[in-house]
Amino acid sequence: MTPRIRRNDYTVLNPPALGASWTPRLRVSVIVPAYGSQDKLDLTLAGLAVQTYPSDLLDVIVVDNGSVPPLRLPEIRPHRTRLIVCPVPGRANARNAGLAAATGDVIHWMDSDIVPEREEVEAHMRWHHLAPYLSVTSYLRFTTAPLPAASDVAGADDLAKFFEPAEPHTWIEELVERSQGLTRTSRPFSIHIGGAASVSAKLLERAGPMDPEMILGQDTEMGYRLAQAGGVFIPDPQARAYHLGPSMRMRDSESINRVSHALVTGRIPAYRWLRTHPRRQWKVPALEVVVDADGGRYDDVRGTVDAVLAGTLTDLEVLLTGPWDAISPEQRTPLTDPRLDLSLLRAHYAHEGRVRLVPEAPDTVAPFRLRLPAGWAPGEDSLSRLLALARNETLGLVSVLLDEGSEDVVVARLERTEAFARADMLVAEGEDVDDAVDEIFGTFWVDGETYEFVRWPDAGPFMSVRDAYKARIEAQAEVERLTKEVERLRGQVDRWRGEAARWRKSAVEFRREIGGLRRQVSALRREQGLKGLARGLARPFTFKRS
């Protein structure tokens, strides 16, 4: 039975130790895109020629991406190595050409400036024998040492003698460390690097090939799609290789970030800190909302879609499903047209940029999809709250109970794409897919009233953008006024405190003066008392006879 990994906690797997006795059966195709640098390619192939993984299960496809002069296969290479040519420039194009020619159960990307240690392929493949939805990444070290001979690489038990000292792939190793080996992060796909990563061919088939429009950031974008296809990402420190020279990011990090961020922002909703604009649309939205228009009333469907579009969550797209191609509006008696409501919906939303009219909801790479029954309107902040719940708790499914009758219930479903994609690969015959999702990600029920879902006629009027702007300006002005009033009162309090301090000081001084006066009075009293006593003593005594 295929193991069910919860989220990205691959620690439930128990791969054999390197060099242990086990029976490999999966074939691996190593795809090496190359442009020039024949000397480095020779070392890559020399490292692959002496892998501990069985040679009859390993084939290598070198893709010459238009090198001048053309590349050649060196003498030291795996015996199942072939060279193909991809004249269209770009690493994504070269990799896709190699992918089209590959026949392995596992695809292992490897750049032509990477020299793997002898156990590198074995380290990857021991994982892939445990589950068919994995992506494994090697630990790279970046070296500037002089290049050795290919024969030296092929004859070495340890490449450190040639390539150390070298630098680690710092940001990846830091990410792995702070996320407990990627088991505690929502973005494990970030470590998918094409320099030395392997992927199940079945998982790649679901995710699709590399995007040739990506001139940089291809690896991360593909990693994101692999995640949405249900992938689990494993960094293996025992899968080791050397990168000949510093990486592009090491050479010019600022320029690399500038270009890659511009390209990945629209394609990877998980990088929310890059999507700073409050109302922009992106190639891949954070949320897709599916509303079935077929058989629904125009008013019900419109009430739902308009409420979705009016909410605080703007990074979304509505998929309005129905037989749109079958609509042919009645021209003579339009009011009796049985598909009148569909015609009205098409006319109403055909030019709305955030609404797509589709026959059915296709496979998606959006991270979340909400299936919302027509006639129900989310509150202004409902979708943002639901999405926050699913993200914060890393849930695979959030079910929203909208209505409960004697026979059935009405439910909205917020589905995490990667959870359902993985469950689809794992679900047993007769098993409810929701049960599999609960096992690998978790599910949760919430009450629709708590999240402010209502029937659309009960929804309040939508605030226009300008009214919202005016309300915000008025609120800001009121905040500024109250802030000034608070500062004024604080100043008054400070003055009162200052006066109170002066009064306390004066009171102390008065007490001192009073104490001094009391002492003077006492002294005077004593002095007067002594004078009286002296006068009394000085006066002669007379006795009066009785």
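How close do the axes of α11 and helix α12 come, and at what angle do they cross? Hi everyone, let's start there.

First, a word on the model. This is a predicted model, where local features need pLDDT of at least 70 and side-chain atom pairs count only at pLDDT 80 or more, while totals for chains, interfaces and linings use all residues. Residues are numbered from 1 along each chain as its sequence is written, and side-chain values use heavy atoms, with hydrogens and water left out.

Now the helices, which are DSSP runs (H or I, at least four residues) numbered from the N terminus. The axes of α11 and α12 (residues 340-349) come within 9 Å and cross at roughly 25 degrees; axes here are lines fitted to C-alpha atoms over the stretch in contact, with angles from 0 to 180 degrees between N-to-C directions. The two helices are therefore roughly parallel to each other (angles under 35 degrees).

Who touches whom? On the α11 side we have Tyr298, Val301, Arg302, Val305, Asp306 and Leu309, and they meet Asp341, Leu344, Leu345, His348 and Tyr349 in α12. Contact means heavy atoms within 4.5 Å.

α11 turns up again at the second largest pocket: α11 (298-309) and α16 (465-538) are the elements giving two or more residues to the lining. The largest share, four residues, comes from α16. A pocket is an open set of points on a 1 Å grid over the protein atoms alone, where a 1.4 Å probe fits, with protein on both sides within 12 Å along at least five of seven lines; lining residues have an atom within 4 Å of a point. Thanks, everyone!

Key:
Parallel < 35°, antiparallel > 145°, perpendicular 65-115°, else oblique.
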